[in-house]
Amino acid sequence: MGKIWRSDRVKALCEKMGISSPERVIVQMASQLVQAGKQNTPPVSLETLATIRGIREIRKVSLTIDGYITPAESGYVVYVNSQQPFTRQRFSIAHEIAHTFFFEAAGVQERHRAAEPPTDSLHIDSEEEALCNKAAAEILMPYGLFKDELRTKRLVARTIVELATVFQVSIRAAARRYCEMTERRFLLLALKRVALPEGTRGLALDWSEKPGHVRASPPKSLLVPESAPLFQTVDKDGFFTGRQSLALGGQSEEYFVDAVDVAYASRTTTIALVVLEPHPEVAIRTWALSDPQFRLVG
Ligand SMILES: [Zn+2]
C-alpha cells in the first residue's frame with residue numbers, strides 16, 4: 001500500500017522527525033509553522049512564515065521558472081517569478097518555504113548544494129518537489145482555517161471561488177483542497193468558452209478535480225454545446241443550477257449541475273459542480289460542509 005520513498009533528503013527528514021510517512025511529516029511541519037506564525041485568519045501571511053524559517057527576503061523577479069530558494073547570509077533568499085499571477089506566486093513562495101524543512105534535515109552540505117544556479121538541477125528530487133507542493137497547500141490553506149471557513153458555506157460552485165478569494169490561492173488549488181476534505185460525491189469542472197468549426201460556441205474542459213473516492217472522470221474531449229441549457233444560462237446570467245446532459249463516461253446522461261462564471265486568468269471560466277449523489281437536488285440544498293460527511297482524508 002505504502003509508496004516506496006527513494007530520496008535521501010526525504011528519508012533524512014523522516015528520520016529527524018521520527019515519523020515514517022513523509023506526507024504526514026511534511027503536513028505536520030507545515031501545520032506547526034502556521035501555528036508558530038499565529039495565523040488565525042486567512043489569508044496566511046507568507047512573509048511572517050518565511051521570516052520564521054530564516055528567509056531574509058522574497059525577491060520578485062522575471063524568471064523562466066516559478067521560483068527558487070538560495071542560501072544567503074545566515075538564512076535564505078527566495079526568488080519568485082513576477083510574471084506569474086499573484087496566486088501562483090503565493091503558491092511558489094509557500095513551496096520554497098517548505099524546501100527549508102529539507103535543507104535543515106539534510107544538514108550543512110546539502111544546504112550548500114542548494115546554492116547552485118537556478119536551473120532545473122535544483123529541482124531534480126521529484127519526491128521532495130511533490131512533498132513541497134503538499135506542504136504549500138497546508139501552508140496556504142491550513143486544515144483548521146479551511147474547515148472553519150467551510151462551516152458557514154454551502155457546497156456549491158460559488159463556494160470554491162469564494163475560498164480561492166479568501167485564501168488568496170488559485171481556484172484550482174482551492175478546488176483540490178476542498179476535494180481532499182469531503183466524502184461527498186461530485187466532480188468539479190473548469191470549462192472554457194471555445195469557438196467550434198461549425199460557427200457555434202461551446203464549453204470545453206480546461207481542468208477537473210474530484211474527491212479521491214469518486215470513480216467517474218470527465219473525458220478530456222468533454223464539450224457542452226451552445227444549445228445546452230448550461231451554456232445558454234451561464235452565458236446570459238453568469239450562473240446555472242439544474243439538469244444538464246453530459247457525456248462523462250461514454251454515453252450522455254443527465255446530471256445535476258451547479259455552475260458559476262468567473263473571470264479567471266484573464267478569461268471567463270465556468271466552474272461547474274456535477275453532483276453525483278442519488279438525490280442531487282436535495283443534496284445541493286442541504287450540503288453544508290459542517291456535516292459529519294466532512295472530514296480530513298489521509
Ligand atoms: Zn521546489
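**Ground rules.** I number residues from 1 along each chain as its sequence is written. Because the model is predicted, local features need pLDDT of at least 70 and side-chain atom pairs count only at pLDDT 80 or more, while totals for chains, interfaces and linings use all residues.

**Sheet.** I took strands (E, at least two residues) and helices (H or I, at least four) as DSSP runs, numbered from the N terminus. I counted two strands as paired if DSSP finds at least two bridges between them. I found an open sheet of 3 strands in the order S1-S3-S2, with mixed pairing. Its edge strands are S1 (55-61) and S2 (67-72), each pairing on one side only. Neighbouring strands are turned by 20° against each other on average, direction ignored.

**Pairings.** I looked up S1 with S3 (residues 75-81) and found the parallel sense over 6 bridges; Ile55 stands opposite Tyr76 in S3. S2 and S3 pair in the antiparallel sense, also over 6 bridges, and Gly67 stands opposite Val80. The hairpin of S2 and S3 has 2 residues between the strands, and Ser74 there takes a positive phi near 45°.

**Helix H4.** I saw that H4 (residues 86-106) lies across S1, S2 and S3, at about 155° to S3. Axes are lines fitted to C-alpha atoms, for helices over the stretch in contact (C-beta atoms, placed from the backbone, within 7 Å); angles run from 0 to 180 degrees between N-to-C directions.

**Helix H9.** I checked burial in H9 (residues 171-180): 8 of the 10 residues are buried, so the helix is largely enclosed by the rest of the structure. Buried means 20 or more other C-beta atoms within 10 Å of the residue's own, with C-beta atoms placed from the backbone. Among the buried residues are Ile171, Arg172, Arg177 and Tyr178.

Note on methods:
A residue is buried if 20 or more other C-beta atoms lie within 10 Å of its own, exposed if 12 or fewer, and partly exposed in between; C-beta atoms are placed from the backbone. Two residues are in contact if their C-beta atoms, placed from the backbone, lie within 7 Å.
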